Amino acid sequence: MSLQKVSLLKENIKSYNEYPFNIPLIKNLSELQFKNNVTFFVGENGSGKSTLLESIAVKCGFNLNGGSQNNVYTGNTEEITLSDHLRLSWLPKVNNGFFLRAESFYNFATYLDELNQEEGTGDVYAPYGGISLHKQSHGESFLSLFNNRFNSKKALYLLDEPEAALSPARQLSLLKIIHDLSTKSNAQFIIATHSPILLGYPDATILSFNEEQIEETSYEMTEHYQITKYFLENRKGMLNKLFRED
Ligand SMILES: Nc1ncnc2c1ncn2[C@@H]1O[C@H](COP(=O)(O)OP(=O)(O)OP(=O)(O)O)[C@@H](O)[C@H]1O
Ligand SMILES: [Mg+2]
(Lines give C-alpha, C1' and ligand atoms only; values in the text may rest on other atoms or scores of the structure.)
(Ligands and ions follow the chains in the order given, each with its own letter.)
Protein backbone atom coordinates (compact mmCIF):
# COMPACT_ATOMS: atom_id res chain seq x y z
CA MET A 1 0.00 0.00 0.00
CA SER A 2 1.37 3.43 -0.80
CA LEU A 3 -1.37 6.06 -0.51
CA GLN A 4 -1.86 6.17 3.25
CA LYS A 5 -4.03 9.19 3.78
CA VAL A 6 -5.98 11.96 2.09
CA SER A 7 -6.40 15.17 4.05
CA LEU A 8 -8.64 18.11 3.26
CA LEU A 9 -6.85 21.40 3.89
CA LYS A 10 -9.57 23.77 4.93
CA GLU A 11 -7.57 26.97 5.36
CA ASN A 12 -8.12 28.31 1.85
CA ILE A 13 -11.68 27.15 1.21
CA LYS A 14 -13.56 30.37 0.59
CA SER A 15 -17.14 29.16 0.51
CA TYR A 16 -19.09 26.06 1.36
CA ASN A 17 -22.03 27.12 -0.79
CA GLU A 18 -20.75 25.79 -4.07
CA TYR A 19 -19.74 22.44 -5.51
CA PRO A 20 -17.83 20.49 -4.32
CA PHE A 21 -17.70 21.97 -0.83
CA ASN A 22 -21.49 22.08 -0.56
CA ILE A 23 -21.56 18.27 -0.47
CA PRO A 24 -22.07 17.63 3.27
CA LEU A 25 -19.57 14.80 3.60
CA ILE A 26 -16.88 16.79 1.75
CA LYS A 27 -17.58 19.73 4.03
CA ASN A 28 -17.18 17.44 7.06
CA LEU A 29 -14.11 15.63 5.74
CA SER A 30 -10.85 16.17 7.53
CA GLU A 31 -8.87 13.05 6.66
CA LEU A 32 -9.37 9.63 5.18
CA GLN A 33 -6.99 6.80 6.08
CA PHE A 34 -6.36 3.92 3.70
CA LYS A 35 -5.66 0.74 5.64
CA ASN A 36 -5.78 -1.77 2.88
CA ASN A 37 -4.58 -2.46 -0.64
CA VAL A 38 -8.20 -2.62 -1.76
CA THR A 39 -10.65 0.10 -0.70
CA PHE A 40 -14.18 0.56 -2.00
CA PHE A 41 -16.23 3.73 -2.01
CA VAL A 42 -19.94 2.90 -1.75
CA GLY A 43 -22.97 5.10 -1.25
CA GLU A 44 -26.09 6.49 -2.80
CA ASN A 45 -26.04 8.19 -6.20
CA GLY A 46 -24.79 11.73 -5.79
CA SER A 47 -23.13 11.14 -2.44
CA GLY A 48 -19.72 12.34 -3.65
CA LYS A 49 -17.72 9.20 -4.52
CA SER A 50 -16.66 10.30 -8.01
CA THR A 51 -15.95 13.82 -6.82
CA LEU A 52 -13.45 12.55 -4.26
CA LEU A 53 -11.98 9.85 -6.50
CA GLU A 54 -11.47 12.28 -9.38
CA SER A 55 -9.85 14.81 -7.12
CA ILE A 56 -7.41 12.20 -5.84
CA ALA A 57 -6.68 11.28 -9.49
CA VAL A 58 -5.96 14.90 -10.38
CA LYS A 59 -3.73 15.27 -7.36
CA CYS A 60 -1.82 12.14 -8.49
CA GLY A 61 -1.32 13.76 -11.90
CA PHE A 62 -3.64 11.31 -13.68
CA ASN A 63 -5.78 12.66 -16.47
CA LEU A 64 -9.41 13.32 -15.56
CA ASN A 65 -10.67 11.60 -18.69
CA GLY A 66 -8.96 8.43 -17.63
CA GLY A 67 -5.32 7.54 -18.04
CA SER A 68 -1.98 7.75 -16.35
CA GLN A 69 0.58 10.51 -15.95
CA ASN A 70 1.85 9.60 -19.45
CA ASN A 71 -1.52 10.12 -21.07
CA VAL A 72 -1.76 13.87 -21.22
CA TYR A 73 -4.60 15.04 -23.36
CA THR A 74 -7.44 17.40 -23.03
CA GLY A 75 -10.92 16.07 -23.37
CA ASN A 76 -13.97 17.74 -21.95
CA THR A 77 -12.16 17.99 -18.67
CA GLU A 78 -14.06 19.85 -16.03
CA GLU A 79 -12.27 21.98 -13.54
CA ILE A 80 -12.45 20.35 -10.14
CA THR A 81 -11.06 22.49 -7.42
CA LEU A 82 -11.23 19.96 -4.60
CA SER A 83 -7.83 18.56 -5.61
CA ASP A 84 -6.23 21.93 -4.86
CA HIS A 85 -7.28 21.46 -1.26
CA LEU A 86 -6.17 17.85 -0.83
CA ARG A 87 -2.93 16.61 0.64
CA LEU A 88 -1.92 13.04 -0.16
CA SER A 89 0.36 11.18 2.28
CA TRP A 90 2.42 8.43 0.62
CA LEU A 91 4.65 5.68 1.92
CA PRO A 92 6.32 5.19 -0.50
CA LYS A 93 5.31 7.62 -3.23
CA VAL A 94 4.32 5.90 -6.46
CA ASN A 95 4.13 7.45 -9.88
CA ASN A 96 2.59 4.48 -11.66
CA GLY A 97 -1.09 3.97 -11.93
CA PHE A 98 -4.23 4.65 -13.83
CA PHE A 99 -7.54 6.42 -13.40
CA LEU A 100 -10.44 4.67 -15.06
CA ARG A 101 -13.73 6.42 -15.41
CA ALA A 102 -16.33 4.40 -17.24
CA GLU A 103 -18.15 7.40 -18.65
CA SER A 104 -15.08 8.91 -20.35
CA PHE A 105 -13.44 5.68 -21.47
CA TYR A 106 -14.69 6.42 -25.01
CA ASN A 107 -12.64 9.63 -25.06
CA PHE A 108 -9.60 7.73 -23.92
CA ALA A 109 -10.03 5.21 -26.76
CA THR A 110 -10.30 8.09 -29.26
CA TYR A 111 -7.20 9.68 -27.85
CA LEU A 112 -5.24 6.45 -28.41
CA ASP A 113 -6.52 6.28 -32.03
CA GLU A 114 -5.34 9.84 -32.64
CA LEU A 115 -1.98 9.09 -31.06
CA ASN A 116 -1.68 6.06 -33.33
CA GLN A 117 -2.02 8.33 -36.40
CA GLU A 118 0.96 10.39 -35.34
CA GLU A 119 4.43 9.46 -36.53
CA GLY A 120 7.00 8.16 -34.13
CA THR A 121 4.54 7.13 -31.43
CA GLY A 122 5.29 3.40 -31.81
CA ASP A 123 2.65 0.75 -31.24
CA VAL A 124 0.28 2.63 -28.99
CA TYR A 125 -2.16 -0.31 -28.91
CA ALA A 126 0.43 -2.78 -27.57
CA PRO A 127 -0.50 -2.26 -23.89
CA TYR A 128 -4.22 -2.51 -24.76
CA GLY A 129 -4.43 -5.93 -26.40
CA GLY A 130 -2.90 -4.88 -29.73
CA ILE A 131 -5.96 -3.27 -31.36
CA SER A 132 -7.90 -0.04 -31.08
CA LEU A 133 -10.16 0.03 -28.03
CA HIS A 134 -12.93 1.23 -30.36
CA LYS A 135 -12.71 -2.09 -32.23
CA GLN A 136 -13.41 -4.04 -29.06
CA SER A 137 -16.72 -4.20 -27.23
CA HIS A 138 -17.12 -2.04 -24.13
CA GLY A 139 -16.40 -4.95 -21.81
CA GLU A 140 -13.65 -6.40 -23.98
CA SER A 141 -11.86 -3.06 -24.08
CA PHE A 142 -12.09 -2.73 -20.29
CA LEU A 143 -10.68 -6.21 -19.81
CA SER A 144 -7.91 -5.49 -22.36
CA LEU A 145 -6.99 -2.50 -20.29
CA PHE A 146 -7.06 -4.43 -17.05
CA ASN A 147 -5.12 -7.38 -18.44
CA ASN A 148 -2.49 -5.48 -20.33
CA ARG A 149 -2.08 -2.05 -18.90
CA PHE A 150 -2.39 -2.87 -15.21
CA ASN A 151 0.92 -4.53 -14.69
CA SER A 152 3.30 -2.10 -13.06
CA LYS A 153 4.62 -2.89 -9.70
CA LYS A 154 3.82 -0.46 -6.93
CA ALA A 155 0.96 1.23 -8.69
CA LEU A 156 -2.18 3.02 -7.61
CA TYR A 157 -5.35 2.24 -9.57
CA LEU A 158 -8.36 4.49 -9.19
CA LEU A 159 -11.46 2.97 -10.77
CA ASP A 160 -14.85 4.64 -11.02
CA GLU A 161 -17.61 2.05 -11.53
CA PRO A 162 -15.50 -0.41 -13.55
CA GLU A 163 -18.46 -2.82 -13.48
CA ALA A 164 -20.38 -0.57 -15.89
CA ALA A 165 -19.15 -2.52 -18.91
CA LEU A 166 -18.60 -5.92 -17.39
CA SER A 167 -20.78 -9.02 -17.35
CA PRO A 168 -20.95 -10.82 -14.00
CA ALA A 169 -18.37 -13.35 -15.24
CA ARG A 170 -16.01 -10.56 -16.30
CA GLN A 171 -16.48 -8.89 -12.92
CA LEU A 172 -15.12 -12.10 -11.43
CA SER A 173 -12.17 -11.83 -13.87
CA LEU A 174 -11.59 -8.32 -12.57
CA LEU A 175 -11.64 -9.61 -8.98
CA LYS A 176 -8.90 -12.08 -9.95
CA ILE A 177 -6.83 -9.28 -11.54
CA ILE A 178 -7.28 -7.13 -8.43
CA HIS A 179 -6.28 -10.07 -6.26
CA ASP A 180 -3.15 -10.90 -8.26
CA LEU A 181 -1.94 -7.31 -8.48
CA SER A 182 -2.66 -6.38 -4.88
CA THR A 183 -1.07 -9.51 -3.41
CA LYS A 184 1.83 -10.18 -5.81
CA SER A 185 2.73 -6.64 -6.91
CA ASN A 186 1.50 -4.77 -3.85
CA ALA A 187 -0.66 -2.57 -6.06
CA GLN A 188 -3.29 -0.41 -4.40
CA PHE A 189 -6.86 -0.04 -5.63
CA ILE A 190 -9.46 2.54 -4.72
CA ILE A 191 -12.73 1.68 -6.44
CA ALA A 192 -16.07 3.46 -6.47
CA THR A 193 -18.68 0.82 -7.17
CA HIS A 194 -22.31 -0.24 -6.97
CA SER A 195 -21.50 -3.87 -7.75
CA PRO A 196 -22.32 -6.44 -5.06
CA ILE A 197 -19.90 -8.79 -6.83
CA LEU A 198 -16.90 -6.46 -6.72
CA LEU A 199 -17.72 -5.45 -3.15
CA GLY A 200 -17.40 -9.09 -2.16
CA TYR A 201 -13.63 -8.92 -2.51
CA PRO A 202 -12.33 -10.52 0.70
CA ASP A 203 -10.91 -8.32 3.42
CA ALA A 204 -11.36 -5.09 1.49
CA THR A 205 -12.05 -1.88 3.36
CA ILE A 206 -15.49 -0.58 2.45
CA LEU A 207 -16.03 3.12 3.00
CA SER A 208 -19.66 4.10 3.01
CA PHE A 209 -20.45 7.61 1.79
CA ASN A 210 -23.34 8.56 4.02
CA GLU A 211 -25.23 11.83 4.08
CA GLU A 212 -22.93 13.58 6.50
CA GLN A 213 -19.75 11.53 6.61
CA ILE A 214 -17.66 8.66 5.35
CA GLU A 215 -17.75 5.58 7.57
CA GLU A 216 -16.21 2.15 7.38
CA THR A 217 -18.70 -0.66 7.00
CA SER A 218 -18.83 -4.39 6.34
CA TYR A 219 -19.92 -6.18 3.17
CA GLU A 220 -23.08 -7.54 4.78
CA MET A 221 -24.11 -4.11 6.06
CA THR A 222 -24.08 -2.47 2.62
CA GLU A 223 -27.41 -1.86 0.90
CA HIS A 224 -25.87 -3.35 -2.22
CA TYR A 225 -25.50 -6.70 -0.48
CA GLN A 226 -28.79 -6.54 1.44
CA ILE A 227 -31.02 -5.43 -1.43
CA THR A 228 -29.43 -7.83 -3.92
CA LYS A 229 -29.69 -10.74 -1.49
CA TYR A 230 -33.30 -9.95 -0.66
CA PHE A 231 -34.17 -9.50 -4.34
CA LEU A 232 -32.63 -12.82 -5.35
CA GLU A 233 -34.32 -14.67 -2.51
CA ASN A 234 -37.73 -12.95 -2.71
CA ARG A 235 -37.97 -11.67 -6.27
CA LYS A 236 -41.71 -12.21 -6.78
CA GLY A 237 -42.77 -10.81 -3.43
CA MET A 238 -40.51 -7.81 -3.73
CA LEU A 239 -41.73 -6.97 -7.24
CA ASN A 240 -45.38 -7.43 -6.25
CA LYS A 241 -44.86 -4.97 -3.41
CA LEU A 242 -42.98 -2.55 -5.65
CA PHE A 243 -45.63 -2.56 -8.40
CA ARG A 244 -48.66 -2.58 -6.13
CA GLU A 245 -50.99 0.38 -6.75
CA ASP A 246 -51.38 2.50 -3.63
N1 LIG B 1 -19.33 19.50 -12.01
C2 LIG B 1 -20.28 19.58 -11.08
N3 LIG B 1 -20.84 20.76 -10.75
C4 LIG B 1 -21.78 20.87 -9.80
N5 LIG B 1 -22.25 19.82 -9.08
C6 LIG B 1 -21.75 18.63 -9.36
C7 LIG B 1 -20.74 18.43 -10.37
N8 LIG B 1 -20.43 17.10 -10.41
C9 LIG B 1 -21.21 16.53 -9.48
N10 LIG B 1 -21.99 17.42 -8.86
C11 LIG B 1 -22.93 17.14 -7.75
O12 LIG B 1 -22.17 16.68 -6.65
C13 LIG B 1 -22.82 15.61 -5.99
C14 LIG B 1 -21.89 14.40 -5.94
O15 LIG B 1 -21.68 13.90 -7.27
P16 LIG B 1 -20.76 12.63 -7.55
O17 LIG B 1 -20.68 12.50 -9.03
O18 LIG B 1 -19.49 12.77 -6.82
O19 LIG B 1 -21.64 11.47 -6.92
P20 LIG B 1 -21.39 9.90 -6.89
O21 LIG B 1 -21.38 9.49 -5.47
O22 LIG B 1 -20.22 9.55 -7.74
O23 LIG B 1 -22.74 9.35 -7.56
P24 LIG B 1 -23.00 8.10 -8.55
O25 LIG B 1 -23.12 6.88 -7.66
O26 LIG B 1 -24.31 8.42 -9.17
O27 LIG B 1 -21.88 8.02 -9.54
C28 LIG B 1 -24.11 15.34 -6.77
O29 LIG B 1 -25.16 15.96 -6.06
C30 LIG B 1 -23.88 16.02 -8.09
O31 LIG B 1 -25.07 16.49 -8.64
MG1 LIG C 1 -19.99 8.52 -9.51
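**Before starting.** I am looking at a predicted model, where local features need pLDDT of at least 70, side-chain atom pairs count only at pLDDT 80 or more, and totals for chains, interfaces and linings use all residues. Residues are numbered from 1 along each chain as its sequence is written, chains are lettered from A and ligands numbered from 1 in the order in which they are written, and side-chain values use heavy atoms, with hydrogens and water left out.

**Entry 1: the sheet.** I looked up the strand order first. I found an open sheet of six strands, ordered β5-β6-β7-β3-β8-β9, with mixed pairing. Strands here are DSSP E runs of at least two residues, helices are H or I runs of at least four, and both are numbered from the N terminus. Two strands pair if DSSP finds at least two bridges between them. At the edges I see β5 (96-101) and β9 (214-217), each pairing on one side only. From one strand to the next, the twist averages 15°; angles are taken between N-to-C directions of lines fitted to C-alpha atoms, for helices over the stretch in contact, and run from 0 to 180 degrees.

**Entry 2: around β8.** Next I followed β8 (residues 205-209), which runs parallel to β3 (residues 38-43) and is joined to it by five bridges. Phe41 has Leu207 in β8 as its bridge partner. With β9, β8 runs antiparallel, and four bridges join the two. There Ile206 is partnered by Thr217. I also noted that a hairpin of four residues leads from β8 to β9.

**Entry 3: helix α4.** Which strands does α4 touch? Helix α4 (residues 138-149) packs on the sheet against β5 and β6 (155-160), and its direction makes about 175° with that of β5.

**Entry 4: Thr193.** Is Thr193 buried or exposed? Its relative accessibility is 0%, so Thr193 counts as buried. I found Thr193 in the loop between β7 (188-192) and β8. Beyond neighbours within four places in sequence, its contacts (heavy atoms within 4.5 Å) include Phe41, Leu198 and His224. The Thr193 side chain also makes a polar contact of 2.9 Å with the side chain of Glu163. A polar contact is a pair of N or O atoms within 3.5 Å; within protein, one must be able to donate a hydrogen and the other to accept it, and residues adjacent in sequence count only if both atoms are side-chain atoms.

Technical notes. Buried < 20%, exposed > 50% of the residue type's maximum accessible area, 1.4 Å probe, protein only.
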